Amino acid sequence: MDAHLLCVGDLHLGRLPSRLPPDLDEFGLSPRALTPAAAWQAVVDYACASRVAAVLLAGDVVESEGDFYESYELLDSGVRRLLAADIQVMAVAGNHDVAVLPRLDDAIPGFQLLGRGGRWQEPVPVLHHGTIVARVLGWSFAEHRVETNPLAALPALAAGPPAIGLLHCDLDVRASPYAPVPRFQLEAAPLDAWMLGHIHKPDPLASMTRPIGYLGSVVGLDPTESGPHGPWQLHLEPGRIRAQQIPLAPLRWESLPVDVSGAAEATEL
């Protein structure tokens, strides 16, 4: 039975994209329509319309603890819509939302925070029409800075349906204070895919036979985060997992070359 999961990278609810043009209103656009909050609404709409089995959030869902009240309303309404559509919602806490997501976990029935307190838990089954189609294993930040490798405590995993790791970490940065993890250890772990948060540039997961890498930010938060952004859909097919980016971001940054060789002065440009 084919099933689909929707994986969401760094949302950073409460943050506004920087360096937006000041004249957006002249084009009928509002800065609020280009925010992570708008992207979250688009993610929920897409998940419900596509009837995915689960939505997985890879940390830094919220920008900071100061954004709790604004983010709570957005997450609460979105999670309730997903749960009402029989879609499971799982998350891990990143370094930005280490204090916020546990509070949301306590406040929102059905919201599942994996690896709470920096401890791996038993894999959580993903159900699709009553059948377990996947298992999700996750680890959450317990402090804003974690200098140890969380994979050192990765539990043994029994055989079963496809296993997907959900982790917020710093890949191949040995001295990082944000959960440093060597890629070779992810590749050696007996999981079928690793969906990672923390780095805002998405990896080319669609080209991988075994998806392991960063989902990227859901919205490019400044001009350096160029190219398509959005969640990734995992297609659970017989014998394989296939990743597909869903470019739902309401904002896209691009750098375009402009030939100024014929301009002698700045005013001519």
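Reply: The structure holds two aromatic pairs. Trp120 and Trp194 form an edge-to-face pair, because their ring centres are 6.4 Å apart and their planes stand at 80°. Rings of Phe, Tyr and Trp (its six-membered ring) pair if their centres lie within 6.5 Å; planes under 30 degrees apart are stacked, over 60 edge-to-face, and the rest tilted. Trp120 lies in the loop between strand E4 (111-113) and strand E5 (124-128), and Trp194 in strand E10 (residues 193-197), so the pair ties together parts that are 74 residues apart in sequence. Helices (H or I, at least four residues) and strands (E, at least two) are DSSP runs, numbered from the N terminus.

The model is predicted: local features need pLDDT of at least 70, side-chain atom pairs count only at pLDDT 80 or more, and totals for chains, interfaces and linings use all residues. Residues are numbered from 1 along each chain as its sequence is written, and side-chain values use heavy atoms, leaving out hydrogens and water.

Trp120 is buried, at 13% relative accessibility. Trp194 is buried too, at 0%. Here buried means under 20% relative accessible area, exposed over 50%, and partly exposed in between (1.4 Å probe, protein chains only).

Now the strands. Five bridges join E5 to E6, and the two run antiparallel. Strands count as paired if DSSP finds at least two bridges between them. His128 stands opposite Thr131 in E6. His129 lies in the loop between E5 and E6. Its phi is positive, about 55°, although His129 is not a glycine. Most residues other than glycine have a negative phi. His129 is exposed, with a relative accessible area of 68%.

E6 itself is mostly covered, with seven of its nine residues buried. E6 also pairs with strand E7 (residues 163-168), in the parallel sense and over five bridges. Gly138 has Leu166 in E7 as its bridge partner.

Another positive phi belongs to His12, near 55°. His12 lies in the loop between E1 and helix H1 (36-50). What is the burial class of His12? His12 counts as buried, at 1% relative accessibility.

Strand E1 (residues 3-8) pairs with E12 in the antiparallel sense over five bridges. Cys7 stands opposite Trp232 in E12. Trp232 also stands opposite Gln245 in E13. E12 and E13 pair in the antiparallel sense over six bridges. Two residues separate E12 and E13 in their hairpin, and Gly239 in the turn has a positive phi of about 80°. Five of the six residues of E12 (residues 232-237) are buried, so E12 is largely enclosed by the rest of the structure.

The segment after strand E13 (240-245) holds Leu251. Leu251 is buried, with a relative accessible area of 12%. Leaving aside residues up to four places away in sequence, Leu251 touches Pro17, Leu20, Leu34, Val219 and Gly220; contact means heavy atoms within 4.5 Å. Val258 lies in the segment after E13 as well. Val258, however, is exposed, with a relative accessible area of 60%.

Last, the charged pairs. How many salt bridges does a search of the whole structure find? The search finds eight. A salt bridge is a side-chain nitrogen of Lys or Arg within 4 Å of a carboxyl oxygen of Asp or Glu. Arg81 and Asp45 form one of them, at 2.8 Å from N to O. Arg81 lies in helix H2 (residues 68-84) and Asp45 in helix H1, so the pair ties together parts that are 36 residues apart in sequence. Arg81 is partly exposed, at 36%, and Asp45 is partly exposed, at 40%.

Arg80 and Asp76 also meet in a salt bridge (2.8 Å, N to O). Arg80 and Asp76 are four residues apart in H2, and therefore separated by about one helical turn. Arg80 is partly exposed at 43%, whereas Asp76 is buried at 13%.

Glu254 bridges to Arg252, with the closest N and O atoms 2.7 Å apart. Glu254 is partly exposed, at 45%. Arg252 is exposed, at 51%. Elsewhere, salt bridges that share partners join Asp105, Asp106 and Arg116 into one network.
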